[in-house]
Amino acid sequence: MESCYDAIIVGAGPAGCAAAAELSRAGRSALLLDRARFPRDKVCGDGLSGAALVSLERLGLLPAVMELSPQPARRVVVSGPNGRVLEHPVPLAAPGVPWGVVVERRRVDHALFLSVSGLPGVDAADGHALTDLAIWQGRVHGVRVQTPGGAEAFVRCRTVIGADGAHSRVAKKLGLASRDPRHRGMAVRAYFTGVSGLSDAIEIHYEKAILPGYGWIFPTGPDTANVGAGYLASRGGNVHLGQLFRLFLENNPHAAEKLAHARMEEGSLRAWPLPLGTAPGRRGTVNALLTGDAAGFVDPLTGEGVWYALESGAMAARAVADALDQDAPQAALMLYERAWRRAFLWREFIPGGVLQRLASKRIFLNHVVDKAAKRRKTRSLLVGAISHQIPKARLFIYH
Ligand SMILES: Cc1cc2nc3c(=O)[nH]c(=O)nc-3n(C[C@H](O)[C@H](O)[C@H](O)COP(=O)(O)OP(=O)(O)OC[C@H]3O[C@@H](n4cnc5c(N)ncnc54)[C@H](O)[C@@H]3O)c2cc1C
């Protein structure tokens with residue numbers, strides 16, 4: 001262990017691993033902490049978009065994921081509340097990178113953690129939980145960590161990257177945790193075996209019984225799938241997620257048919273929040289930056305978060321490296337704010353938030369799915385915007 005790291009990264013999910021890879025590339029020292037021991041479960045739909053795969057490739061982490069033989073996702077199927085179905089190929093995000101894949105996050109995150117653990121300048125420690133930040137005159141000077149034996153340790157650093165997910169302790173300690181229900185969704189997922197009729201398509205169903213919620217079926221293998229349900233729009237009350245999930249399974253014809261002889265894996269039904277990118281405000285203080293779910297970077301329209309986690313982790317690391325190159329760790333926040341706003345705010349979060357509100361209306365969803373089912377151009381625009389190939393704002397131009 002170093003006596004003072006350039007950065008301490010709290011959380012070793014996709015955001016934390018991306019930050020570690022980028023800091024290593026910049027020749028900086030980093031301590032990557034995670035309170036869990038890998039491999040660990042992560043509640044997710046397990047879908048990695050083409051954009052996420054491109055990010056992984058840029059970070060040198062794609063081979064580790066492809067070695068897991070992930071299930072290809074070459075097509076997307078969407079059904080509207082009136083039962084109309086559209087199907088479209090997923091566009092290639094870059095030459096030589098697969099369309100999209102589905103693979104259990106338990107395996108992905110373990111592979112990423114192992115890959116970055118061996119990188120120059122990176123010390124990785126799972127089973128180590130951040131308990132507190134040492135803040136003095138507005139700046140973070142170090143972190144307090146609980147070691148696997150239960151002892152407390154203090155580690156000094158020049159900057160902190162919070163990548164500790166939706167319940168981020170770093171965000172809470174910095175006074176930046178958002179509790180506004182208008183910017184928070186919830187989702188539940190379970191694994192099924194013995195699923196019939198699966199293909200290379202990921203399926204999203206706007207089932208009328210659970211509107212403004214939605215359900216998904218993402219194949220993880222020839223007869224296994226990650227099945228889930230979630231809601232993104234604020235419903236103005238408490239949603240019982242277990243009930244939402246059951247209603248989806250019982251009422252949606254696609255789910256009912258595919259799961260007729262399937263078995264839910266015991267203990268796999270779990271729920272988790274979706275902190276949405278529509279939340280206002282900055283994502284850090286002077287020399288402490290928040291990334292991924294800790295920053296609330298989940299797509300308000302689709303619930304996707306891995307691409308944002310990878311990109312924001314890399315952006316935060318570059319901001320830290322550039323600020324330290326100028327011997328001005330306090331400049332990290334300004335550089336990072338500029339980067340994430342340019343990449344996400346107007347292109348994804350603001351138009352995505354408006355679309356999410358519209359998508360909670362049955363009449364709007366039926367219209368869009370009907371139109372896209374009929375017209376190839378509308379379909380490819382829709383799929384292009386969902387997969388980040390086209391700015392979401394383009395969807396507001398009537399087609
Ligand atoms: C049901 C559901 C389905 C989803 N489906 C998809 C999907 O199909 N595709 C997609 O792209 N996104 C999906 N998402 C969103 C996606 O899962 C997240 O956006 C993504 O995991 C964010 O990555 P992260 O690295 O920011 O955080 P996480 O992956 O949550 O990692 C945070 C890490 O921080 C660690 N940690 C927490 N507290 C501490 C602490 N005090 N000290 C040290 N370590 C700590 C945790 O152990 C964890 O390993 C889904 C989310 C949900 C809830």
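This is a predicted model: local features need pLDDT of at least 70, side-chain atom pairs count only at pLDDT 80 or more; totals for chains, interfaces and linings use all residues.

Which element gives the most to the shell around the ligand? That element is β17, with three residues.

**Shell around the ligand**

- The ligand is surrounded by 36 residues, and the closest of them are Asp34, Gly45, Gly47, Arg105 and Asp293.
- By residue class, the shell comprises 18 nonpolar, nine polar and nine charged residues.
- At least two shell residues come from each of the helices α1 (14–25) and α8 (306–325).
- The strands β9 (129–136), β14 (213–219) and β17 (270–275) likewise supply at least two residues each, and β17, with its three, gives the most.

- An oxygen atom of the ligand lies 3.2 Å from a backbone N or O atom of Pro14.
- A polar backbone atom of Ala15 is 3.0 Å from an oxygen atom of the ligand.
- For Gly47, which is among the closest residues to the ligand, a backbone N or O atom lies 2.8 Å from a ligand nitrogen atom.
- On its own the ligand has 1000 Å² of accessible area, of which the protein covers 94%.

**Nonpolar surface patch**

- Val354, Leu358 and Phe396 form a nonpolar patch on the surface, and together these residues have about 230 Å² of accessible area.
- Leu358, one of the patch residues, is located in helix α9, which spans residues 332–358.
- Leu358 counts as partly exposed because its relative accessibility is 33%, a value between the limits of 20% and 50%.

**Gln356 in helix α9**

- Gln356 is also placed in helix α9.
- Its relative accessibility is 8%, so Gln356 counts as buried; the cut-off for that class is under 20%.
- The side chain of Gln356 reaches the backbone oxygen of Pro300 at a distance of 3.3 Å.

**Gln330 in the loop between α8 and α9**

- Gln330 lies in the loop that runs between α8 and α9.
- With a relative accessibility of 41%, Gln330 counts as partly exposed.
- Gln330 and Thr285 are separated by 45 residues in sequence, while their C-alpha atoms are 8.7 Å apart in space.

How values were computed:
Residues are numbered from 1 along each chain as its sequence is written. Side-chain values use heavy atoms; hydrogens and water are left out. A residue is near a molecule or strand if one of its heavy atoms lies within 4 Å of it. A polar contact is a pair of N or O atoms within 3.5 Å; within protein, one must be able to donate a hydrogen and the other to accept it, and residues adjacent in sequence count only if both atoms are side-chain atoms. Accessible areas come from the Shrake-Rupley method with a 1.4 Å probe; for residues, only the protein chains shown count as cover. Helices (H or I, at least four residues) and strands (E, at least two) are DSSP runs, numbered from the N terminus. Ala, Val, Leu, Ile, Met, Phe, Trp, Tyr, Cys and Pro count as nonpolar, Asp, Glu, Lys and Arg as charged, and the others, Gly among them, as polar. Patches are made of residues with over 30% relative accessible area and no salt bridge: like charges are joined within 9 Å, nonpolar side chains (Val, Leu, Ile, Met, Phe, Trp, Tyr) within 5 Å. A salt bridge is a side-chain nitrogen of Lys or Arg within 4 Å of a carboxyl oxygen of Asp or Glu. Buried means under 20% relative accessible area, exposed over 50%, partly exposed in between (1.4 Å probe, protein chains only).
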